[in-house]
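Student: I would like to go through the terms used for a protein structure. Please show me the sequence and the model.

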Amino acid sequence: MDETRDLGIALSGGGHRATAFALGSLLAVVDADLNRNTISVSSVSGGSIANAIAMTGPDFGQATASQFEEHIRPALVAVAERGLLLGGAPATRWYLRFTLGAAALGVVALVASFVVAVLDFTVAALIVLVIGVVLLVIAWVLLRQRSARVSAAIDDELLGGRKRTMSDVANMDSSVHHVMCTTELQSGEPFYFTNRCVWNYRFGGSTSANGVHLADAVQASACVPGAFNPRRIRLADVGLSNLTIQAPGQPSKVIEHVVLDDGGTYDNMADEWEYGFDNRAENFAELRSVQSQRAGYLVVVNASAGWNTPQPIGNSGLALEIAGLVCGSTELAKMP
């Protein structure tokens, strides 16, 4: 491992904008030949989509600008022209149409059953009611598949449709440690998928091969609460042991799964990987075998902030006083 590499890059969350922003930033790094100094690329949410794209192409740490640009072009086109989450991608288009259609028809059927019942057509009202309930159940079943459907879209649209596992990417030649952050809901702590290991403070770390699909790890990192359902992954499937816990006066319980949500729930800048590296290495002896050292420099690619749109402020009275307090405290909070 090249110990002269000392640059860390952190890719923030922020949806498709973060994906495009991060890919452009990574291209700028390659164009400046700084990729040859990069030791890690950590990411969260939309940034993790970009990180996975970079992970599955030519070695980011050695690629030329033309090679990297050629690799990311199809994914950028897909993100810019079709997207993944609003039905533009073939993998989600019909799924969303069927889900919304079943829900809409179910609601219409329930309302119609009430109207028919008022008109005293009891049998017809019951039939329409049953149809409405069935349609809503279908919509609910489809809705619960939304995370898996988006995983399929990420794989098909952005990662070449090869259904790579984390073991597959671990076997690819890479001079850079690619790290994707999720939030483990049971512990309230980050859970990291990388091209070389997995890690969580509560459950430990492992460099063993695991069969989790790369697209599932990416989707877990971009699993916005509410918009998607949390991902449950067996600890054994990522090379970790079950965890036994026991609260005072309570029977012991065995945790067999991690429950993962958007990494931005814990750290939307993805900078925690490098900031906490030394402490993590003390608790995970094998970590320095997959990343030799903490980055000496960290570039944070922040695509999560809003656009700099001017906001009008009242010019007199109490409104002006309150605006001064709010805006002033906000700017102070941004200072290091």
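Tutor: What follows is a set of questions on terms and their cut-offs. This is a predicted model, in which local features need pLDDT of at least 70 and side-chain atom pairs count only at pLDDT 80 or more, while totals for chains, interfaces and linings use all residues. Residues are numbered from 1 along each chain as its sequence is written, and side-chain values use heavy atoms, with hydrogens and water left out.

Student: Why is Asn 51 called buried?

Tutor: Buried means under 20% relative accessible area, exposed over 50%, and partly exposed in between (1.4 Å probe, protein chains only). Asn 51 has a relative accessible area of 0%, so Asn 51 is buried.

Student: What makes the link between the side chains of Asn 51 and His 178 a polar contact?

Tutor: A polar contact is a pair of N or O atoms within 3.5 Å; within protein, one must be able to donate a hydrogen and the other to accept it, and residues adjacent in sequence count only if both atoms are side-chain atoms. The two side chains are joined at 2.8 Å, so the distance is within 3.5 Å.

Student: Why is the aromatic pair of Trp 199 and Phe 284 called stacked?

Tutor: Rings of Phe, Tyr and Trp (its six-membered ring) pair if their centres lie within 6.5 Å; planes under 30 degrees apart count as stacked, over 60 as edge-to-face and the rest as tilted. Trp 199 and Phe 284 are 5.5 Å apart centre to centre, with 10 degrees between the planes, so the pair is stacked. Both residues are buried.

Student: How do you know that Arg 97 lies over the face of Trp 94?

Tutor: A charge sits over a ring if NZ of Lys or CZ of Arg is within 6 Å of the ring centre and within 35 degrees of the ring normal. Arg 97 lies at 4.6 Å from the ring centre of Trp 94, so the distance is within 6 Å.
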